[in-house]
Amino acid sequence: MSQKWKLPNTRFHNTMNLFSFLLLLGMFLYTALKWPSMPKTIATHFNFMGEADGWGGKGNIWLAPTMSFLLYLLLTVTARFPGIWNVPGPVTAYNKNWVYRNVKNLLVFMKFVMLLNFSYINYCTIQEKNMGWLSTISFLVLIFGSIAYFLIRCKRVPPLDEEPEEFDGF
């Protein structure tokens with residue numbers, strides 16, 4: 001399956017990508033700056049209520065930034081290849097741009113939300129404070145709400161100002 005067609009970034013994509021990168025960079029810098037003053041034992045797991053319920057060595061603090069970096073890479077690379085996406089519904093010359101733009105919106109927004117969540121978890125771990133139940137609920141609403149929102153938008157009829165292009169079906 002050759003991928004000749006590229007989906008250009010919109011202002012929304014660029015903004016979300018910038019914020020995601022800044023969160024990732026900030027997470028690594030904050031962790032490195034706080035490393036010398038951290039206790040030897042830190043929280044390694046939080047329950048649904050946002051309370052620490054697992055403990056480990058302070059080296060575990062690098063798990064969140066590392067996982068964030070891997071997620072960042074995976075979602076950044078995936079967003080560059082629309083031909084490999086499994087999209088909802090049929091893709092035609094008429095709706096191709098609309099469907100793929102909405103899926104790309106979903107990918108860049110989810111990248112931002114996941115990095116925001118990992119950053120908050122990392123911050124709470126370093127500060128030795130509970131996250132609170134609201135953070136768990138907020139994260140779940142943002143993740144599942146964005147999935148529902150963008151996938152429902154994909155199924156909608158594209159606006160009339162969308163110009164159909166010749167569709168090669170990837």
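Helix α3 has 32 residues, and the distance from its first C-alpha to its last is 46 Å, close to the 46 Å expected at 1.5 Å a residue, where the expected span is 1.5 Å times one less than the number of residues. Helices (H or I, at least four residues) and strands (E, at least two) are DSSP runs, numbered from the N terminus. Of the 32 residues of α3, 25 are buried, so this helix is largely enclosed by the rest of the structure; buried means under 20% relative accessible area, exposed over 50%, and partly exposed in between, with a 1.4 Å probe and protein chains only.

This is a predicted model, in which local features need pLDDT of at least 70 and side-chain atom pairs count only at pLDDT 80 or more, while totals for chains, interfaces and linings use all residues. Residues are numbered from 1 along each chain as its sequence is written, and side-chain values use heavy atoms, with hydrogens and water left out.

**Overall layout**

- The secondary structure of the protein comes to 4 helices and 2 strands, and these follow the pattern α-β-β-α-α-α when read along the sequence.
- Taken along the principal axes, the box filled by the C-alpha atoms of the protein is roughly 60 × 30 × 25 Å.
- The protein has 170 residues, of which buried residues make up 39%.
- Among the contacts in the protein with a separation of 6 or more, 77% are accounted for by residues 24 or more positions apart, a contact being heavy atoms within 4.5 Å.

**Helix α1**

- Helix α1 covers residues 11-34, and because its 24 residues should span 34 Å at 1.5 Å a residue, the 34 Å between its end C-alpha atoms agrees with expectation.
- The buried residues of α1 are H13, M16, N17, S20, L23, L24, M27 and T31, and what covers them includes α2 (63-79) and α3 (96-127).

**The pairing of α2 and α3**

- The axes of α2 and α3 come within 10 Å and cross at roughly 175 degrees, where axes are lines fitted to C-alpha atoms, for helices over the stretch in contact, and angles run from 0 to 180 degrees between N-to-C directions.
- That crossing makes α2 roughly antiparallel to α3, since angles under 35 degrees count as roughly parallel, over 145 as roughly antiparallel, 65 to 115 as roughly perpendicular and the rest as oblique.
- On the α2 side the contact is made by A64, P65, M67, S68, L71, Y72, L75, T76, T78 and A79, and on the α3 side by K104, L107, K111, M114, L115, F118 and N122.

**The largest nonpolar core**

- A nonpolar core is a set of buried Ala, Val, Leu, Ile, Met, Phe, Trp, Tyr and Cys residues joined through side-chain atoms within 4.5 Å, and in the largest one, which has 27 residues, W85, V87 and L115 touch the most other members.
- Each of α1, α2, α3 and α4 (133-155) supplies at least two residues of this core, and α3 gives the most, with 13 residues.
- Leaving aside neighbours within four places in sequence, L115 is in contact with S20, L23, L24, M27, S68 and Y72.

- S68 is placed in helix α2 and counts as buried because its relative accessibility is 0%.
- The side chain of S68 reaches the backbone oxygen of A64 at 2.8 Å, and, with neighbours within four places in sequence left aside, S68 is in contact with L24, M27, L115 and F118.
- K111, whose place is in helix α3, is buried, with a relative accessible area of 3%.
- The side chain of K111 makes a polar contact with the side chain of T76 at 2.8 Å; a polar contact is a pair of N or O atoms within 3.5 Å, and within protein one must be able to donate a hydrogen and the other to accept it, while residues adjacent in sequence count only if both atoms are side-chain atoms.
- Apart from neighbours within four places in sequence, K111 is in contact with N17, S20, Y72, L75 and T76.

- At 60% relative accessibility, E128 counts as exposed.
- L73 lies in helix α2 and counts as partly exposed at 37% relative accessibility.
- L73 and G54 are 19 residues apart in sequence, and their C-alpha atoms are 28 Å apart in space.
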